[in-house]
Amino acid sequence: MRARGAKVTDIVILIVAADDGVMPQTIESINHAKAANVPIIVAVNKIDKPGADPTRVRQELTEYGVIPEEWGGQNMFVDISAKKKQGIDTLLESVLLEADVLELKANPDTFASGNVLEAKLDRGRGSVATLLISRGTLHVGDAIVAGMSFGKIRAMVDPRGNSVTEARPSDPVEVLGLQSVPMAGDEFRVFQDERDARALADERSLKARIEEQNKVKHVTLENLFSTMEDSEVKELNLIIKADVQGSIEALVDSLGKMDQSEVRINVIHSAVGAITETDVTLADASNAIIIGFGVRPEAKARVAAEQQGVEIRTYSVIYKAIEEIDAARIGMLKPTEQEVQTASIEVRNTFKVPKVGIAAGCMVQEGEVSRDDKCRLVRDGIVVYEGKLASLRRYKDDVKSVKAGFECGVGLENFQDIHVGDIIETYRIEEVARTE
């Protein structure tokens, strides 16, 4: 949602609470706005509250490259209170001033065009799309194309639920009449003739099918050097997630010391915690690689990364991460082995076994765990143990493997701190034939 919003807007108003300061979602919003190259105006809200500290907010935002004009930066800051309606006029004046500087103008006297903000299939009304007009005026009865969808507008509804007959630049409206549901983020435009609209929609559908077959892959460490040679990549965008802030700082510092004459390394987002679906969305939007240090991707993030072709690299040794990124930069990366996850196991109970220690009663959620697999224990997305299985049992019997959907007892080699809710990931290392 933030990525699409940043792409379709001209100016971002970043609202930060004066008492809470910079939050994780604030950092995500900043990164999306920067990735879309959209100017940011900061509204420091809740200045009426006793604990409000607008200066602290300004100080925190400078760490992320959002610097107030009064401190020599390029971002306008406005202190407001939405509850008491303080500073709202000043905020609107700031938006108008920024628009004037950027010379943002739209011609209302032409065929309408803009973007699809959201779309859905309504049982009673059919295909419903929310459009944002960027130029021209949209009328009921216009023939439009939105992505690979086309149709003639039967009705329009404004944000207050009122039926309208036209929508001008910057107006959001819900429209009915498209033959199919477009994708959120698609561009739309009006045609004079519905046949022309249908022809363009068909042409786009054909082009999309061809592109799907020849889908350009996201940049990975393996193809980085070849894409650099083809002039496709002159910079490497990274998203870094780690178990502690110190690891992030060490990694960023080491990356900054690399020779960046051929390829510039940009850390577009970094945070402590597990790799989330939001990280994958940002990586997809900015063609970035996700680097995890001491953390693992959430299940949804792993699925999204596979679907969108985003590479996630996880490390437990910082020098290994630096070494691989540097090797990819100069075209020397030739991995000979890779990790293959075999199972994901949830700890549902723990109990003490005489002469052995703590064992875990588990449920295999996916895959098949084998006695010889390597394993790691993940707690809230953070890797707290890596090693081997000490034991694998079904009831009282030692077994070689357990499939998904079955319960098992697991013991970890030289590790006793197992909690209910922990996830045990098992994997094996496979050799990969070199292709170069």
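Of the 436 residues of the protein chain in this predicted model, 42% count as buried. The chain has ten helices and 24 strands, and along its principal axes the C-alpha trace spans about 80 × 55 × 45 Å.

**The chain as a whole**

- The accessible surface of the protein chain comes to about 24,300 Å², and 48% of that surface belongs to carbon and sulfur atoms.
- When contacts between residues at least 6 apart in sequence are considered, 68% of them join residues that are at least 24 apart.

**The sheet of E1, E2 and E3**

- Three strands form an open sheet in the order E1-E2-E3, and their pairing is parallel.
- Strand E1 (12–17) and strand E3 (76–79) stand at the edges of this sheet, and because each has a single partner strand, one side of each is left without a neighbour in the sheet.
- Neighbouring strands of this sheet are turned against each other by 25° on average, with direction ignored.
- Strand E2, which covers residues 40–45, pairs with E3 in the parallel sense over four bridges, and within this pairing Ile41 has Met76 of E3 as its bridge partner.
- Helix H4, made up of residues 88–102, lies across E1, E2 and E3, and the helix runs at about 165° to E3.

**The sheet of E13 to E16**

- A further open sheet has four strands in the order E14-E13-E15-E16, again with parallel pairing.
- The edges of this sheet are formed by strand E14 (264–272) and strand E16 (312–315), each of which has a single partner strand, so one side of each is left without a neighbour in the sheet.
- In this sheet, neighbouring strands are turned by 25° against each other on average, direction ignored.
- Strand E13, with residues 235–242, runs parallel to E14 and is joined to E14 by eight bridges; for Asn237, the bridge partner in E14 is Asn266.

**Asp186 and its surroundings**

- Asp186 is placed in the loop between strand E11 (172–178) and strand E12 (187–191).
- Although Asp186 and Val116 are 70 residues apart along the chain, their C-alpha atoms are separated by 5.2 Å.
- Leaving aside neighbours within four places in sequence, Asp186 is in contact with Gly114, Asn115 and Val116, and also with Ala146, Gly147 and Met148.
- A polar atom of the side chain of Asp186 lies 2.9 Å from the backbone nitrogen of Met183.

**Cysteines**

- A search of the whole structure finds zero disulfides, and Cys375 is accordingly in no disulfide, the nearest cysteine sulfur being that of Cys362, 10 Å away.
- Cys375 counts as buried because its relative accessibility is 0%, and the cut-off for buried is under 20% relative accessible area.
- For Cys408, the closest cysteine sulfur is in Cys362 at 5.2 Å, which is too far for a bond, since a disulfide requires a pair of cysteine sulfur atoms within 2.5 Å.
- Cys408 also counts as buried, because its relative accessibility is 6%.

Definitions and conventions
Residues are numbered from 1 along each chain as its sequence is written. Side-chain values use heavy atoms; hydrogens and water are left out. Helices (H or I, at least four residues) and strands (E, at least two) are DSSP runs, numbered from the N terminus. Contact means heavy atoms within 4.5 Å. A polar contact is a pair of N or O atoms within 3.5 Å; within protein, one must be able to donate a hydrogen and the other to accept it, and residues adjacent in sequence count only if both atoms are side-chain atoms. Two strands pair if DSSP finds at least two bridges between them. Axes are lines fitted to C-alpha atoms, for helices over the stretch in contact, and angles run from 0 to 180 degrees between N-to-C directions. Buried means under 20% relative accessible area, exposed over 50%, partly exposed in between (1.4 Å probe, protein chains only). Accessible areas come from the Shrake-Rupley method with a 1.4 Å probe; for residues, only the protein chains shown count as cover.
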